[in-house]
Amino acid sequence: MTDWSIADHTFMSRAIQIAWQGLYTTGPNPRVGCVLVKDGQPVAEGYHRKAGEGHAEVNALRSAGEQAQGCTAYVTLEPCSHFGKTPPCADALIAAGVAEVVVGMVDPNPRVSGNGIAKLQQAGISVRVGLMESQCRALNPGFIQRMATKMPFVRLKMAASLDGRTAMASGESQWITGPLARQDVQRLRARSSAVISGVSSVISDDASLNIRAAELGLDNAAEVAERQPLRVVLDSNGRMPEQAKMFGLPGRTLIVSCVDAPAFIADIDSAEWLILPGEQGRIDLHQLLQELARRECNEVLVEAGATLAGAFIEAGLMDELVLYQAMKLLGSSALPMFQLPLDKMSQQKKLTLVDSRMLGNDLRLTLVPGLER
């Protein structure tokens with residue numbers, strides 16, 4: 001077992017901190033940070049900002065120049081060992097003459113896993129692995145899950161009143177939560193590769209399912225909004241309206257159905273129709289997520305009504321629930337959060353609270369399936 005020093009933790013903490021700067025822009029690549037240290041002092045740092053551009057290690061080495069020789073590199077994810085859109089980071093570290101590499105976690109990508117570490121060691125570089133691994137893993141839940149299971153990380157977002165209602169019986173729902181909660185939802189969309197909703201939301205609200213730069217509240221909002229998530233509309237029976245607002249917005253729309261596409265879809269360059277029939281006339285959600293993973297979607301955000309939200313939970317496909325709870329009561333006639341066919345206490349769905357915070361006058365709860373042991 002490696003004996004990590006206070007200095008080790010300090011420099012890896014900084015690498016993790018700067019890796020988060022790529023939260024909204026790195027997809028489909030993982031978020032990675034790197035800090036170069038010599039004689040106990042940081043020399044340079046870098047993070048992976050955008051797919052196709054320099055990785056964290058390369059950016060740090062470029063900043064360090066000749067000072068990189070003899071450094072210890074603290075990197076949140078194992079340096080890559082293969083040629084992709086950029087050359088291998090392991091080769092760059094070797095060429096720069098670093099003396100040691102401290103790795104937060106092994107890369108789950110089968111093309112890399114262990115190979116980058118082995119290449120460094122074969123070049124005579126000391127490698128230590130596993131420092132602050134849980135914090136490093138938290139940077140990339142979607143990338144890790146996609147590499148390990150060929151499925152994306154599914155985050156289900158709901159907004160409800162204190163009595164668990166999402167809209168009035170008429171469908172009126174604007175607005176249950178306040179502006180800070182709605183800004184937070186925009187940021188959830190921005191970190192997601194795809195946003196999934198049902199066609200009913202498109203019909204009733206003409207939902208956009210897009211990132212709106214003005215609502216992000218970020219310094220780099222314009223850059224973040226350039227990378228619109230894939231809009232995924234589940235439309236079992238082919239009810240998608242031809243005049244849907246999202247067809248005129250930047251980005252692409254994928255309509256998933258059990259029936260053939262209407263003729264107008266062929267005339268919309270930004271739209272694609274995918275048939276994925278499941279049981280009882282429903283879309284096969286498992287196949288849908290596999291398809292999104294194949295398209296390099298790491299994190300997927302589900303923004304849906306009670307029926308679709310319940311279907312993801314019932315199928316065991318929800319990895320995280322983000323619930324925005326307004327300090328309001330909508331009454332017993334209003335619409336519930338989930339449609340779940342539960343009749344007995346033994347069928348209850350158990351969740352563990354992992355984070356809670358106030359956003360204005362709204363409470364945001366982050367929960368994961370199952371109870372802590």
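How many cavities of 30 Å³ or more does the structure hold? The answer is one. Please keep in mind that this is a predicted model. The legends below take you through some close-up views, starting with that cavity.

**View 1. The largest cavity and its lining residues.** Welcome to the inside of the model. The largest cavity has a volume of about 110 Å³. Its lining is made up of 15 residues. To get your bearings, look for Gly27, Arg31, Arg191, Asn298 and Glu299, the lining residues that lie nearest the centre of the cavity. Sorted by class, the lining has eight polar, four charged and three nonpolar residues.

**View 2. A cis peptide bond between Gly27 and Pro28.** The peptide bond that runs from Gly27 to Pro28 is cis, and its omega is near 5 degrees. To find Pro28, follow the chain into the loop between helix H1 (6–19) and strand E1 (33–38).

**View 3. Helix H2 packed with helix H3.** Here you meet a helix pair: H2, which covers residues 56–64, packs with H3 at an angle of about 25 degrees. Their axes are 9 Å apart. Angles under 35 degrees count as roughly parallel, so H2 is roughly parallel to H3. The crossing in which H2 passes H3 is left-handed. On the H2 side, Glu57, Val58 and Leu61 take part, and they meet Cys89, Ala92, Leu93 and Ala96 of H3. By class, this contact has six nonpolar residues, one charged residue and no polar ones.

**View 4. Helix H3 beside helix H4.** Now follow H3 (residues 89–96) to another partner, H4 (residues 115–122). The axes of H3 and H4 come within 9 Å and cross at roughly 20 degrees. H3 and H4 are therefore roughly parallel to each other. In this pair, H3 passes H4 in a right-handed crossing. H3 brings Ala90, Asp91, Leu93 and Ile94 to the contact, while H4 brings Gly116, Lys119 and Leu120. The classes here are four nonpolar, two charged and one polar.

**View 5. Leu209 and its positive phi.**

Definitions and conventions
Residues numbered from 1 in each chain as written. Predicted model: local features only at pLDDT ≥ 70, side-chain atom pairs only at ≥ 80, totals over all residues. Heavy atoms only, no water. 1 Å grid on protein atoms, 1.4 Å probe; cavity = no way out; pocket = protein on both sides within 12 Å on 5 of 7 lines; lining within 4 Å. Points joined across faces, edges and corners; volume = space filled by probe spheres on them. Nonpolar A, V, L, I, M, F, W, Y, C, P; charged D, E, K, R; others polar. Axes fitted to C-alpha atoms, helices over the stretch in contact; angles between N-to-C directions. Helix = DSSP H or I, 4+ residues; strand = E, 2+ residues; numbered from the N terminus. Parallel < 35°, antiparallel > 145°, perpendicular 65-115°, else oblique. Left-handed = near helix turned anticlockwise from the far one by under 90°. Contact = heavy atoms within 4.5 Å.
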